[in-house]
Every structure is written in C-alpha cells, then in structure tokens.
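Colleague: Please take me through the labels used for this model, and say what each one rests on.

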Amino acid sequence: MESTEGLPRLSVGAEVYFFRGISESEFLPRLTIGGTNCILIEMPPAPWPESFYQELENIWRKRGITPVIAHIDRYIGPFRTHGMPQRLQRLPVLVQANASFFLEKRTRRMALKMLHADQIQLLGSDCHNLTDRSPNLGAAVALMEKRLGQQTIEQIQSWQNTIFSIK
C-alpha cells in the first residue's frame, strides 16, 4: 500500500448555487463538504438584497449548517459591492477567495487588505484545467506570506482544519 503522507486530504462536496428559500431545502445536509456541517455556496453575480443575507443566516440558524461563500472576489470588484465583506462579517459564514484575487495586480491590494481584516478565511484555486484556470495556490500563498507573514498562512490552515472538524 502506498503512503499518503504529505498529500492533501480529499473530500466530496458540491458548490451549491444560491436560491431564494435555500435554507428550507431538505437537500442541504446531503450537499455539505465531506460530511461536515459546512456548505459551499455560489452566490448570484449581482449586488445582493438584504433578503440574501437573511437567507444565509437562516441556513445556519434553521439547519445548523455553516455557509462558505465561494469566490467572494467575483462579486466585489465587478459590482462595486465593497460593503459586502463587512456585512458578511456579521453573519455565521466563512468566506473563500480565489488565488487569482491575490495574484492579479488590479485586485491584489484589496485581497490582502480583506485577508488582513479577517474578511477572507479560506483560499481556493478555482482550478478547472492546466491552461486558463490552472492551479495557482502556491504563488498566492507565497505572496500572502511575503506581504502578511507566516501567521496569515497558519490562520488559513486553522480555518481549513476547523471546517473539517465541524460536524
């Protein structure tokens, strides 16, 4: 048997597209990340009304499931929804950003500022292939460590470990 030491842990999960009434869905527990009580939510690509924030809070309150907002970077810049991170901080949610948010010069400053303010807890690659959406986590982690220090990387790892211990 081959050793798996040093390899990342893989878990089954889904990126679930947000819809009105999602907190009432009987299917939510089956869509959580690797049997945890966390669910990866892809939000609509537009400014969100207050009812969306309430729905996210209800996922936690009614279902006991912690929403993880996928790729926050897709919503902030294009829609000028810069108040979104502060609004999300008041909710029982976690926020994930893509590595490209930290690597692109036009968004790097905002990404680092949000990470430093604990408005981003998790990092993803959004890797779909090896060409236009290639894996880029290593470069983003190196940049974060250089700009914000090793403790930032440890905090992201801590959040990741927290997710996989939430049951």
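Modeller: The model is predicted, with local features needing pLDDT of at least 70 and side-chain atom pairs pLDDT 80 or more, while totals for chains, interfaces and linings use all residues. Residues are numbered from 1 along each chain as its sequence is written, and side-chain values use heavy atoms, leaving out hydrogens and water.

Colleague: Why is Thr66 called buried?

Modeller: Buried means under 20% relative accessible area, exposed over 50%, and partly exposed in between, with a 1.4 Å probe and protein chains only. Thr66 has 13%, so Thr66 counts as buried. Thr66 is in strand S3 (residues 66–69); strands are DSSP runs of E with at least two residues, helices runs of H or I with at least four, numbered from the N terminus.

Colleague: What makes S2 and S3 a pair?

Modeller: Pairing needs at least two DSSP bridges between two strands. Four bridges join S2 (residues 38–42) to S3, and the two run parallel. Ile41 stands opposite Ile69 of S3.

Colleague: How do you know which residues of H5 are buried, and where do they lie around the axis?

Modeller: By that area cut-off, the buried residues of H5 are Thr107, Arg108, Ala111, Leu112, Met114 and Leu115. They cover an arc of only 160 degrees around the axis, so they are on the same side of H5; the arc is that of the directions from the helix axis to the C-beta atoms. The face turned away from this buried side carries exposed Arg106, Arg109, Lys113 and His116.
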